[in-house]
Amino acid sequence: MKIMGTLLQHFDCEEALPRLYQFIDEELAAHELEAMRDHLDGCDNCAYEHEVRSKLKNIIREACLEVAPPSLRERVVGRLAELRSPRPEAV
Ligand SMILES: [Zn+2]
């Protein structure tokens, strides 16, 4: 739907999609942020893309914050369990 003569900028999908990451990072100009919100409100496709990408960004951020990778943590926990367990009986 095209609204003529409005001050609010309107993006179509081709304009909105390349700006999704900048939108998530809030690196767009204020009027572009507005236009993005407006577009995502009315476009299921881009709203879905936005959801997926912002979730992905969260996952990556959490992965970077994680100091020890799970495999290392498992090894450490396993080693601790080994140290605590009684010495195996000699056969
Ligand atoms: Zn769209």
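This is a predicted model: local features need pLDDT of at least 70, side-chain atom pairs count only at pLDDT 80 or more; totals for chains, interfaces and linings use all residues.
Buried residues account for 10% of the 91 residues in the protein chain.

**Helix 3**

- Helix 3 covers residues 30–42, which is 13 residues. From first C-alpha to last it reaches 19 Å, close to the 18 Å expected at 1.5 Å a residue.
- Its buried residues are A35, M36, H39 and L40. Viewed down the axis of helix 3, these buried residues fall within an arc of 130°, so they line one face of the helix.
- The face of helix 3 turned away from that buried side carries the exposed residues A30, H31, R37, D41 and G42.
- L40 is located in helix 3 and counts as buried because it has 20 C-beta neighbours inside 10 Å, where the cut-off for burial is 20 or more.
- Not counting residues up to four places away in sequence, L40 touches C46, A47 and H50.
- The C-alpha atoms of L40 and C13 are separated by 9.3 Å, and the two residues are 27 apart along the chain.

**Nonpolar core**

- The largest nonpolar core has seven residues: F11, A16, F23, A35, M36, L40 and C46. Helix 3 gives the most to this core, with three residues.
- In soluble globular proteins, nonpolar side chains tend to be buried together.
- A16, one of the core residues, is in contact with F11, M36, H39 and C46 when its neighbours within four places in sequence are left aside.

**Helix 4**

- Helix 4 has 22 residues and reaches 32 Å from its first C-alpha to its last, close to the 32 Å expected at 1.5 Å a residue.
- Two of the 22 residues of helix 4 are buried, so this helix lies largely in the open.
- K57 is in helix 4. With 13 C-beta neighbours inside 10 Å, K57 counts as partly exposed.
- K57 and I24 are 33 residues apart along the chain, and their C-alpha atoms are separated by 8.8 Å.

**Loop between helix 2 and helix 3**

- E26 is placed in the loop between helix 2 and helix 3.
- E26 has a positive phi of about 55°, although it is not a glycine.
- E26 is exposed, because 9 other C-beta atoms lie within 10 Å and the cut-off for exposure is 12 or fewer.

**Whole chain and confidence**

- From the N terminus on, the elements of the protein chain run α-α-α-α-α.
- Among contacts between residues at least 6 apart in sequence, 58% join residues at least 24 apart.
- The mean pLDDT of the protein chain is 83, and 81% of its residues reach 70 or more.
- Confidence is highest in helix 1, at a mean of 96, and lowest in helix 5 (residues 70–84), at a mean of 78.

Definitions and conventions
Residues are numbered from 1 along each chain as its sequence is written. Helices (H or I, at least four residues) and strands (E, at least two) are DSSP runs, numbered from the N terminus. The expected span of a helix is 1.5 Å times one less than its number of residues. The arc is that of the directions from the helix axis to the C-beta atoms. A nonpolar core is a set of buried Ala, Val, Leu, Ile, Met, Phe, Trp, Tyr and Cys residues joined through C-beta atoms within 7 Å. Two residues are in contact if their C-beta atoms, placed from the backbone, lie within 7 Å. pLDDT is the predictor's confidence in each residue, from 0 to 100.
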